[in-house]
Amino acid sequence: MTNPAPLNDNELESVMEINDRTRGLNYDENLLWEKEHNDTAGVDLVPIAGTKSRTGVAQRGNIGLPQVSEPEVVRHFVRLSTKNYSIDSGFFPLGSCTMKHNPRLNEKVARLPGLSMIHPLQPESTVQGAIKIMYELQNWLAELTNLPGICLTPAAGAHGELAGVMTIRRAHDAKGHTQKTIMLVPDSAHGTNPATAKMCGYDIRVIPTKETGRVTVEAFKEALYATDPKGDDIAGMMVTNPNTCGLFETDIADVVDLLHEAGGYFYCDGANFNALVGKIRPGDFGVDVMHINLHKTFSTPHGGGGPGSGPICVAETLRPYIPTPIVVKEGDKYRFERDGERETSCGRLKGYQGQFGMHVRALSYMLSHGADGLKQVSEDAVLNANYISAMLKDDYHAPFEGPCMHEALFTEKYQAEKGVTTLDVAKALIEYGMHPMTVYFPLVVNGAMLVEPTETEGKDELDRFINVMKKIAYDVRSGDTEKFHDYPQAAPVKRLDELKAAREPKLRWQSV
Ligand SMILES: *Cc1c(COP(=O)(O)O)cnc(C)c1O
């Protein structure tokens with residue numbers, strides 16, 4: 001046998017390049033357009049002799065699709081898919097998002113052919129079971145919130161807010177309350193709250209919460225009576241409870257009494273319902289309207305802009321005004337309300353009846369947990385958040401005293417003294433293989449870090465997160481801070497120049 005010749009320089013270079021781009025089998029994936037070559041075609045169709053195109057003016061020229069073969073296309077998308085970080089690959093502590101494990105049982109139920117293969121235009125008599133599922137879900141939501149009027153159609157939390165505030169608007173209009181032009185919103189609110197009120201034609205008045213992280217009676221009164229001694233120009237108030245600082249609004253009952261006295265409605269943003277479900281019913285603390293994010297509390301996969309579902313639940317007084325259609329039961333038959341059937345309704349918001357697949361998942365989740373299970377969900381979620389809060393209290397500054405609800409809020413205060421910011425901490429978490437928490441929200445504290453562990457994480461995973469956070473804090477304390485500005489280095493995309501990205505955004509790919 002002869003000795004094989006050593007690789008020449010060109011061959012060596014190509015091996016080194018391969019090694020650089022695929023280190024540890026982790027591919028640096030180019031765009032398909034960067035991969036294409038002019039001399040290949042993905043599909044090779046032989047021209048058919050003796051035929052003439054009949055596409056006429058609709059004939060397409062070169063539409064510029066990349067010329068790559070089938071295996072190249074398949075590998076491209078499979079490699080991209082492995083770059084997705086998801087709740088199925090690891091801990092996802094994003095505050096305000098309730099990123100929890102989705103039991104596969106719900107997926108299985110939603111995929112049953114009798115549920116997944118039906119069409120919204122089928123005669124109601126042929127889909128009685130499906131409509132009954134929606135009816136049962138309406139009942140569960142009414143029971144859990146003590147708010148009897150339910151509309152399932154909104155397709156996301158923000159869409160639910162729109163449905164809810166339109167309902168309030170319709171009620172005021174029906175009573176001729178045209179002087180009610182102002183919506184009260186605390187400064188810690190999710191951005192969708194003021195945006196929704198504005199879309200419905202209301203002016204926003206901000207309630208400051210900076211001192212305590214909560215809406216106090218004094219601050220509320222000041223906002224309520226600022227332009228009218230009886231608060232007669234106030235249409236309502238939008239508050240998240242527990243709020244976006246992870247705190248229960250302790251003055252809420254007194255605040256709501258004053259609001260109701262002035263003729264305003266209390267809109268509760270229910271995105272954080274995971275902390276309350278099964279423990280207290282929002283209708284019992286004066287809520288008039290609330291949206292529920294089925295894709296947060298009731299365990300539908302979310303993130304990345306997938307479908308959501310944001311049903312609204314309203315008090316008896318607002319029931320006539322909610323959007324159409326709702327599911328009604330007549331004798332032992334179920335049906336959707338017809339358009340125009342309920343004249344007081346604020347109208348239709350969505351085609352057909354909403355995200356049916358989410359309704360199935362939510363009811364499946366509720367039934368499999370039962371009332372006691374749902375109660376334990378919120379207890380465990382709150383316990384987990386308080387565990388993190390207690391374990392990290394010496395390493396990270398907590399802006400507000402006392403226990404939290406389902407999420408723990410920290411700020412960058414201790415680290416900023418050494419020149420390390422919230423952004424640096426988030427990037428360091430990526431370096432250590434952890435998804436960052438929500439950063440710079442809520443806006444009421446500087447350099448916010450909002451951690452929502454959810455009840456589906458066990459103690460081992462929480463401890464891993466806590467240890468990484470402690471290591472980061474320790475390195476910063478010991479003055480080992482330079483590296484923080486370069487993190488992440490281990491990720492496929494390294495530290496970005498945030499300033500350049502903001503000032504000179506590249507919004508479209510261009511070939512070089
Ligand atoms: C998630 C969230 C929303 C919006 O829900 P979407 O489904 O994303 O539209 C509104 N308010 C709060 C407090 C939230 O956390």
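This briefing covers the nonpolar cores, strand pairing and backbone geometry of the structure above.

The model is predicted: local features require pLDDT of at least 70 and side-chain atom pairs pLDDT 80 or more, whereas totals for chains, interfaces and linings use all residues. Residues are numbered from 1 along each chain as its sequence is written, and side-chain values use heavy atoms, with hydrogens and water left out. Helices (H or I, at least four residues) and strands (E, at least two) are DSSP runs numbered from the N terminus.

**Nonpolar cores**

- The largest nonpolar core has 60 residues, and L141, L184, F220, M237, F266 and F298 have the most contacts inside it.
- A nonpolar core is a set of buried Ala, Val, Leu, Ile, Met, Phe, Trp, Tyr and Cys residues joined through side-chain atoms within 4.5 Å; buried means under 20% relative accessible area, exposed over 50%, and partly exposed in between (1.4 Å probe, protein chains only).
- Elements giving two or more residues to this core include α6 (128-145), β2 (182-186), α9 (217-224), β4 (234-240) and α11 (356-391).
- Another core, of 26 residues, lies apart from it, with A385, Y396, M437 and L462 among its members.
- Neighbours within four places in sequence aside, F220 is in contact (heavy atoms within 4.5 Å) with L184, I207, V215, M237, V255, L258 and L259.

**Strand pairing**

- Two bridges join β11 to the antiparallel strand β12 (residues 449-451), where M449 is the bridge partner of V439.
- Strand β8 (residues 327-330) runs antiparallel to β9 and is joined to it by four bridges, with V327 opposite F336.
- These two strands, β8 and β9, form a hairpin with two residues between them, and G331 in the turn has a positive phi of about 65 degrees.

**Backbone geometry**

- Most residues other than glycine have a negative phi, and most peptide bonds are trans.
- S299, in the loop between β6 (289-291) and β7, has a positive phi near 60 degrees and counts as buried at 1% relative accessibility.
- Y352, in the loop between β9 and α11, has a positive phi of about 55 degrees and is partly exposed at 42% relative accessible area.

Terms used
Pairing = 2+ DSSP bridges.
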